[in-house]
There are 2 protein chains.
Amino acid sequence: MKQNDLISSWSVIVGNDAVLAGDAAAPYCTDWRGRYSGNALAVVFPSKAQQVSEVMKLCAANQVFIVPQGGNTSLCGGSVPLPQGKQIVLNLSRMNRIRAFDPINYSMTAEAGCKLADVREAAEKNNSFFPLGLTVTQKYCEIGGNLSTNAGGINVLRYGNARDLVLGLEVVLPDGRIWNGLRSLRKDNSGYDLKHLFIGAEGTLGIITAAVLKLYPRPQAEATACVAMRDPAAAVALLSHLRATCGDKISAFEIISRSCLDLVFKHIPDTREPFAAKYDWIVITQLADVLPVPLDATLRDALKSFGKGVIGFEITPDKDHSERWWKLRKNISEAQKLEGISIKHDLSVPVSRVAEFIVCADAALHNVFPGIRIVAFGHMGDGNIHYNISMLDTKQNQAFMAQQEAAVNKLVYAVVRDLNGSISAEHGLGQLKRDTIRDYKDPLELELMRNIKQILDPHGLMNPGKVL
Amino acid sequence: MKQNDLISSWSVIVGNDAVLAGDAAAPYCTDWRGRYSGNALAVVFPSKAQQVSEVMKLCAANQVFIVPQGGNTSLCGGSVPLPQGKQIVLNLSRMNRIRAFDPINYSMTAEAGCKLADVREAAEKNNSFFPLGLTVTQKYCEIGGNLSTNAGGINVLRYGNARDLVLGLEVVLPDGRIWNGLRSLRKDNSGYDLKHLFIGAEGTLGIITAAVLKLYPRPQAEATACVAMRDPAAAVALLSHLRATCGDKISAFEIISRSCLDLVFKHIPDTREPFAAKYDWIVITQLADVLPVPLDATLRDALKSFGKGVIGFEITPDKDHSERWWKLRKNISEAQKLEGISIKHDLSVPVSRVAEFIVCADAALHNVFPGIRIVAFGHMGDGNIHYNISMLDTKQNQAFMAQQEAAVNKLVYAVVRDLNGSISAEHGLGQLKRDTIRDYKDPLELELMRNIKQILDPHGLMNPGKVL
């Protein structure tokens with residue numbers, strides 16, 4: 001079929017107003033960070049799984065590649081087309097209904113195009129809680145994309161990653177067949193668990209069109225502390241101490257380096273030092289409980305009994321008050337953007353080795369690249385550090401980025417490898433790390449992945465150029 | 001190779017004392033319930049993954065089928081050989097070391113042959129908690145088997161199933177290659193999640209030889225209630241009420257019918273009615289907290305504020321006291337065994353539909369088979385009901401079992417299907433439900449499962465006659 005005929009056929013399936021081509025398609029062909037741009041025959045917006053199925057069948061018959069897209073907030077170029085190739089963007093945003101809500105089963109069936117913030121709000125309205133929390137993007141990203149990338153965020157140490165919050169899936173396979181795995185069971189051992197294959201596969205095995213999500217009772221009490229720390233090693237020890245004394249009441253444990261704070265103060269209005277003095281590292285940690293019990297005393301006792309690594313701290317049970325501190329954490333990415341480009345990493349190591357990672361990677365980089373700025377922050381409670389590198393001087397930085405990205409990555413990834421870590425903790429591989437992963441993953445594991453891709457998507461139509 | 005040569009070769013790999021054949025092999029060829037017996041060329045006991053690998057390579061070269069076995073406590077004939085076929089039992093019991101313990105990362109690396117009770121004890125000794133709890137079998141079953149069957153148990157509503165407690169796996173593939181996926185990361189989005197394929201596959205895709213397990217802070221406070229309930233519908237409502245008022249502090253919620261209690265009183269010494277009067281249904285529920293806070297008042301307030309469905313209750317913060325009630329729950333299976341055989345089911349439906357399931361299945365069965373006894377109990381908090389049927393009269397029962405098992409299953413499974421449930425909640429398929437599942441699972445899902453089996457085990461050597 002010719003391009004125009006294909007577009008007409010897709011329009012018949014989804015409606016004329018639900019197919020964009022040419023200039024109108026362009027915004028959907030560039031990624032969130034503006035690093036990847038591609039081209040698509042069309043952007044197609046189905047509103048039902050059945051439409052997804054028909055579009056996919058037409059693509060399969062005409063060897064058109066399919067790029068699934070939700071809110072297009074991937075940080076790895078995972079949801080935009082390649083510059084070349086006969087491909088469409090299949091955008092799920094119109095599939096945005098909450099299909100069912102079961103308050104007794106603590107579950108909700110949401111379509112892929114529901115925005116994460118809307119899912120969270122729907123849960124809250126029904127006196128329950130959907131714990132996936134992404135500080136920056138949750139107003140834009142969609143649950144289908146969250147599941148396809150197995151999103152993480154700030155509450156993982158308490159509630160797990162996106163995959164841990166799923167009971168069932170509806171998936172349209174590359175050949176257009178619909179797998180209805182929308183079960184809402186807490187226990188089901190009746191064969192291989194297929195849903196975990198599609199979760200985190202970044203749209204390379206099929207398209208998640210709906211999911212049964214696990215809900216939780218709503219926390220009713222909260223206490224947040226901002227803690228000035230001597231160094232990351234003290235922060236690791238503090239986390240361990242808090243787990244021993246406060247257990248799984250810890251719902252967040254984030255670390256922020258001085259370089260992050262300075263960037264935030266420089267670029268983001270109404271932000272200021274959390275303490276009278278300046279400290280090299282701060283930690284924001286939160287306790288939560290489903291009962292309306294006072295947690296600030298618990299947190300205070302735990303911090304006081306910790307010892308030397310804590311230089312100072314402040315505690316509040318009040319959301320507005322703690323928001324001052326969270327504002328610092330939530331604006332790190334934005335502040336970095338305003339400062340200029342940087343080499344970004346999303347790494348994980350065992351929680352016990354986070355400090356070792358920071359010390360070793362810092363030393364290796366400063367040794368080879370004197371004068372660099374390292375911006376380290378993130379989900380220490382999950383061993384997940386965002387670790388970004390740039391030159392202070394803008395001009396120097398441009399050249400540094402262009403010439404040294406590969407060398408910087410090599411140094412950082414070597415430390416990750418030594419510590420049995422992962423070069424992609426929560427953002428996925430997308431286009432960004434598709435080639436690199438081949439050097440860091442067990443060849444046997446890559447072989448198994450390719451075999452699985454081969455049986456589910458034998459013609460290689462799904463999200464070309466991503467992951468594998 | 002001839003049988004004797006094979007046995008010699010296996011002996012060279014694992015040692016002479018680690019290969020059993022003939023009569024010595026027989027105990028490993030009959031299942032826990034005594035329902036399935038088979039034959040094996042030998043039972044081989046490797047002590048290292050490398051030995052597993054070499055044994056598997058030899059099997060692959062000689063087209064010998066492999067039946068992986070842990071504690072051999074499968075309730076579905078999942079871990080014993082078939083009556084015919086050239087097969088070995090590969091028993092993992094000698095691989096029983098805890099390889100590593102990381103208290104800060106809250107993780108432990110255990111070999112497949114570690115007994116579940118030993119894993120729990122090792123965690124406890126290190127001031128942490130491994131939450132998988134199987135009331136009857138944990139002294140006998142092994143963690144490799146627990147993961148291969150994605151075991152459930154009584155704490156699932158708080159901590160998830162076995163698969164939720166795993167960070168990484170070591171697996172020997174059917175061709176003998178070892179996949180080292182022993183990562184201990186809380187976040188790792190660097191490709192398809194292969195571990196979830198092997199977990200719950202009942203040894204049909206490869207052999208789990210070791211796992212990195214997630215640990216939790218140890219609960220320090222507990223309160224248990226025994227509650228007399230009007231009916232299962234009231235119990236469902238109570239669970240919902242408790243989740244709203246006590247949230248995820250609920251660590252167990254078990255329902256027990258009168259018929260279970262009567263059997264326990266009849267067969268198990270030192271057991272008695274929990275209340276002065278006899279009631280049709282009782283619930284045992286438990287709250288736990290990581291802080292040493294009194295929970296009995298919380299539980300009392302929650303039960304008092306519930307209303308009519310609760311006929312009476314008693315609460316204790318004391319472990320010994322609550323053990324009296326748990327003894328009733330834990331001995332149901334044993335009491336049934338002593339009473340005689342029965343048709344057993346391990347079913348799940350959404351938590352919100354448990355009462356509907358019991359009412360509908362009871363009605364359908366009593367209608368067709370007057371005079372039957374229905375023994376219903378289980379993990380209501382997970383929508384998982386054990387639902388067993390027999391005739392009161394022993395002689396009648398023998399005939400009933402022989403002639404009516406298929407008819408009984410059909411009636412029960414029809415109700416499960418209507419409620420979007422699963423005919424195997426936590427025990428797996430094994431041999432028991434291998435054929436039946438074909439009638440109850442989406443053909444597309446079965447096709448995907450077969451395709452996955454085909455790429456991982458192309459010669460069909462792993463655990464023949466189970467699952468698929």
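Modeller: Cysteines, then. Over all chains, a search of the whole structure finds 0 disulfides, a disulfide being a pair of cysteine sulfur atoms within 2.5 Å. Keep in mind that this is a predicted model: local features need pLDDT of at least 70, side-chain atom pairs count only at pLDDT 80 or more, and totals for chains, interfaces and linings use all residues. Side-chain values use heavy atoms, with hydrogens and water left out, residues are numbered from 1 along each chain as its sequence is written, and chains are lettered from A and ligands numbered from 1 in the order in which they are written.

Biologist: Switching to the interface. How many residues of chain A are in contact with chain B?

Modeller: 84 residues of chain A touch 84 residues of chain B, where contact means heavy atoms within 4.5 Å. The two chains bury about 7,100 Å² between them, 56% of it on carbon and sulfur atoms. Buried area here is the accessible area (1.4 Å probe) that two parts lose on being put together, summed over both.

Biologist: Which residues in chain A lose the most area to chain B?

Modeller: A:Lys187, A:Asn189 and A:Tyr192. Together they make up 15% of what that side buries.

Biologist: How many salt bridges between chain A and chain B?

Modeller: The count is 14. A salt bridge needs a side-chain nitrogen of Lys or Arg within 4 Å of a carboxyl oxygen of Asp or Glu. One of them pairs B:Glu447 with A:Arg177, with the closest N and O atoms 2.8 Å apart.

Biologist: Which element gives the largest share of chain A's side?

Modeller: H15(A), with 10 residues. Helices (H or I, at least four residues) and strands (E, at least two) are DSSP runs, numbered from the N terminus.

Biologist: Does A:Arg177 pair with Asp or Glu within chain A?

Modeller: With A:Asp175, the closest N and O atoms being 3.0 Å apart. Both partners are partly exposed: A:Asp175 at 36% relative accessibility, A:Arg177 at 32%.

Biologist: OK, the whole structure now. How many salt bridges over all chains?

Modeller: The rule gives 62. Take B:Arg99 and B:Glu111, whose closest N and O atoms are 2.9 Å apart. B:Arg99 lies in strand E5 and B:Glu111 in strand E6 of chain B, so the pair ties together parts 12 residues apart in sequence.

Biologist: Is B:Glu111 buried or exposed?

Modeller: Buried, at 1% relative accessibility. B:Arg99 is partly exposed, at 36%.

Biologist: What about B:Arg258 and B:Asp262?

Modeller: Their side chains meet in a salt bridge at 3.0 Å, N to O. They sit 4 residues apart in helix H8 (residues 258-267) of chain B, about one helical turn. B:Arg258 is buried, at 13%, and B:Asp262 is partly exposed, at 33%.

Biologist: Which residues do shared partners join into one network?

Modeller: A:Arg97, A:Arg99, A:Glu111 and A:Glu170, through salt bridges.

Technical notes: Buried < 20%, exposed > 50% of the residue type's maximum accessible area, 1.4 Å probe, protein only.
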